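Please show the structure and its sequence. The report below takes up one topic at a time.

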Amino acid sequence: MESGSKGPGSLFNRNLVSIKQLDKGVIEEILAESERMLEIYKSNSRPNLLAGRIMASMFFEPSTRTRLSFESAMHRLGGSVIGFADPLSTSSAKGETLSDTVRIMSAYADILVIRHPTEGAITGALDSASVPLVNAGDGTGQHPTQALYDLFAIKKEKGRLTNLNVALVGDLKHGRAIHSLAYALAIFGNSLTLISPQSLKMPASMVADLERSYGIRIIQHDSLDQALNADAVYIPRMQKERFSDQKEYERVAAYYVIDKRFMAMAGSDTIILSPLPRTMEINPEVDTMKNAAYFRQAAYGVPVRMAVLKMILKGR
Ligand code: NCD
């Protein structure tokens, strides 16, 4: 991917499959566009920036926030949406390959937003696409727009994107939101505290890559106490559907829980973030506390996806 701020914009007409393809300058450009989109979102104006454009939302896995915030984003910019939320209603149930589906959908829409259960499947379908393609989550792989609005939320909540220590907690093995955010934070030079049970550690190759490629400080631990002084605690659910052994899932489902007790011991500036949905890892008793930032975070999904759609389809 080309970076820099010349020409039609660094995301124009590009695919977005991994946060790793973006450099700091491009991410800053997206976050700046997201600020403009947040103003449009708040004022509830409908600027028609993407009038006449069609987004295909192709979800081969369950989704609430990602699919509907992308669709809301497209509608808010005057564009239209086609797509499916249940692959069983499509020809993939008849055995059609993702590549063939992507080839066909490229003739029906100007941009494809795809979620798929298999890591790498979306990258594998790139050659079949003749319009830009956005990865909305590929198995345990990547979820780049999630990381972009996680960064946006961190910037809003903490006032900065650098010099942070962020604790990533829980299922660091399977979580694509974690895998994307770890890189996004590393791109900005932040320190990571990785907290997980032994069986759910971040893949060693990823930890090594983060350290080697970005020179960041990484601490690994299995105790939630290590998160008490973090600037932010990011705690997704345990990824039940990706466990090969459901008994193991039951064992770790509530391994870490953010509750009032944790909040009472945590630093006064320690915010709690989650990509959601939540299951057992955040006690609802925390929801009304000022440092519980996850619902504010979720709302940023719309303006950030407005920015991504606009920058890919129209440029800056
Ligand atoms: C995440 C996902 O699908 O990876 N959800 C989301 O997009 N907000 C996290 C999760 O499912 O736990």
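E29 is buried, with a relative accessible area of 14%. Here buried means under 20% relative accessible area, exposed means over 50%, and partly exposed lies in between (1.4 Å probe, protein chains only). Accessible areas are computed by the Shrake-Rupley method with a 1.4 Å probe, and for residues only the protein chains shown count as cover.

This is a predicted model: local features need pLDDT of at least 70, side-chain atom pairs count only at pLDDT 80 or more, and totals for chains, interfaces and linings use all residues. Residues are numbered from 1 along each chain as its sequence is written, and side-chain values use heavy atoms, with hydrogens and water left out.

**Salt bridges**

The structure holds 15 salt bridges. A salt bridge is a side-chain nitrogen of Lys or Arg within 4 Å of a carboxyl oxygen of Asp or Glu. The table gives examples.

| Salt bridge | Closest N and O atoms |
|---|---|
| E29 and R316 | 3.6 Å |
| E35 and K156 | 3.0 Å |
| R278 and D287 | 2.7 Å |

Start with E29 and its partner R316. E29 sits in helix α1 (residues 24-43), while R316 sits in the segment after α11, so their bridge ties together parts that are 287 residues apart in sequence. Helices (H or I, at least four residues) and strands (E, at least two) are DSSP runs, numbered from the N terminus. E29 is buried, whereas R316 is partly exposed at 42%.

Next comes the bridge between E35 and K156. E35 also belongs to helix α1, and K156 belongs to helix α5 (residues 144-158), so this pair ties together parts that are 121 residues apart in sequence. E35 is partly exposed, with a relative accessible area of 28%. K156 is partly exposed too, at 34%.

In the pair R278 and D287, the closest N and O atoms are 2.7 Å apart. R278 is partly exposed at 24%. D287 is partly exposed at 22%. Elsewhere, E61, R176, R237, E241 and R242 form one network of salt bridges that share partners.

**A buried arginine without a salt bridge**

R305 lies in helix α11 (residues 301-314). How far away is the nearest side chain of opposite charge? That side chain is D150, at 7.8 Å. R305 is buried yet has no salt bridge. For charge, Lys and Arg count as positive and Asp and Glu as negative; His and the chain ends are not counted.

R305 does have a polar partner. Its side chain makes a polar contact of 3.0 Å with the side chain of T145. A polar contact is a pair of N or O atoms within 3.5 Å; within protein, one must be able to donate a hydrogen and the other to accept it, and residues adjacent in sequence count only if both atoms are side-chain atoms. Leaving aside neighbours within four places in sequence, R305 is in contact (heavy atoms within 4.5 Å) with several residues, among them R65, F70, H143 and Y149.

**The ligand**

Which residues are around the ligand? They are T66, R115, H143, Q146, R176, R237, Q239, P275, L276 and P277. To count as near, a residue needs a heavy atom within 4 Å. A polar side-chain atom of R115 lies 3.1 Å from an oxygen atom of the ligand. Q146 has a side-chain N or O atom 3.1 Å from a nitrogen atom of the ligand. L276 places a backbone N or O atom 3.0 Å from a nitrogen atom of the ligand. Taken alone, the ligand exposes 320 Å², and the protein buries 94% of that.

**Backbone exceptions**

Most residues other than glycine have a negative phi, and most peptide bonds are trans. The bond from L276 to P277 is cis, with omega near 5°. P277 lies in the loop between β9 (271-273) and α10 (294-299).

N48 is not a glycine, yet has a positive phi of about 60°. N48 is in the loop between α1 and β1 (54-59) and is partly exposed at 49%. N163 also has a positive phi of about 60° without being a glycine. Its loop runs between α5 and β5 (165-169). N163 is exposed, at 65%.
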